[in-house]
Amino acid sequence: MARRRPFSPRVPLVGAEGQEAMRRAGRVVALALHHVGAAITPGVTTAELDAVAEHTIRGLDAVPAFLGYQVGEYAYPATACISVNDEVVHGIPGPRRLKDGDIVSVDLGAIVDGWYGDAAYTFAVGTVREKTADLMETGQRALDIGIAQAKPGNRVRDIGAAIQQYVESRGYSVVRVLCGHGIGQRLHEAPQVPNYASRESDIVLRAGMALAIEPMVNAGGPDVDLEEDNWTYVTRDGALSVHYEHTVLIQPDGPEILTIVR
Ligand code: MF3
Ligand code: CO
């Protein structure tokens, strides 16, 4: 029987210099999300929002992290992932015009001095229904609850377990096939960070680990499908989905959120 290792050495720890660069990358992502949010209004196209994201990131001397990012043979073609209504994540910006009552999830990554930041936020377009606002609030709260578990001595699964417990108590579901991730000098590092209590994620968290925590919360069931474009994930039942993400650094005394403006 193989010995179960409580700590996987594959998870990189971020030193002081890396932490400082990740704070700068996180700030760039937060500012870009802020500017995109300010541009969201009925009638705007998702391509126009992508341009705002790209100009903001480049204007701050950072590099878009998703543009050209390779998954298999597919390179991601834009700066932002913009996912509308039943689209869960990885929607490709284009000529689609947002309309009043839509929700739009914007996911952004930036690189500063080789270090990554990654965050997402679901915005309301104009006025949304009360049910929709409740879903959005639940997604935001789920992220906060997950982040609160990101402290030394806890395990990766404590994050997902807390998120899942809260989301399901509100009558919603968490997406299973997509998860959060370690982050640092690459966008995706070990460990995977599921948004549910997964048996596999028993890695013990330590100070210096950096995680992108990103619950995807569905109004209906947890199942998703991949569209023909090979990027866009949609809910199988067509119900709405929200996505909130922060890049978090685990400090000795708890989580430090990097994708904010201080
Ligand atoms: N936040 C998303 C993720 O971690 C964004 C990736 S989009 C990609 O998967 F184009 F870079 F893949
Ligand atoms: Co991410």
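1. Strands here are DSSP runs (E, at least two residues), numbered from the N terminus. A pocket is an open set of points on a 1 Å grid over the protein atoms alone, where a 1.4 Å probe fits, with protein on both sides within 12 Å along at least five of seven lines; lining residues have an atom within 4 Å of a point.

2. A word on the source: this is a predicted model, in which local features need pLDDT of at least 70 and side-chain atom pairs count only at pLDDT 80 or more, while totals for chains, interfaces and linings use all residues. Residues are numbered from 1 along each chain as its sequence is written, ligands are numbered from 1 in the order in which they are written, and side-chain values use heavy atoms, without hydrogens and water.

3. The largest pocket has a volume of about 550 Å³, taken as the space filled by probe spheres set on the grid points. Its lining counts 25 residues, and among those nearest the centre are Tyr 69, His 90 and His 188. By class, 15 lining residues are nonpolar, six polar and four charged.

4. What takes up this space? Ligand 1 does. Around ligand 1 there are 13 residues, of which Tyr 76, Asp 107, Asp 118, His 181 and His 188 come nearest; "around" asks for a heavy atom within 4 Å. This shell has six nonpolar, three polar and four charged residues.

5. Asp 107 has a side-chain N or O atom 2.7 Å from a nitrogen of ligand 1, and Glu 245 places a polar side-chain atom 3.2 Å from a ligand nitrogen.

6. Back in strand 10, where Pro 191 lies, the peptide bond from Ala 190 to Pro 191 is cis, with omega near 0°.

Key. A polar contact is a pair of N or O atoms within 3.5 Å; within protein, one must be able to donate a hydrogen and the other to accept it, and residues adjacent in sequence count only if both atoms are side-chain atoms. A molecule sits in a cavity or pocket if more than half of its atoms lie within 2 Å of its grid points. Ala, Val, Leu, Ile, Met, Phe, Trp, Tyr, Cys and Pro count as nonpolar, Asp, Glu, Lys and Arg as charged, and the others, Gly among them, as polar. Helices (H or I, at least four residues) and strands (E, at least two) are DSSP runs, numbered from the N terminus.
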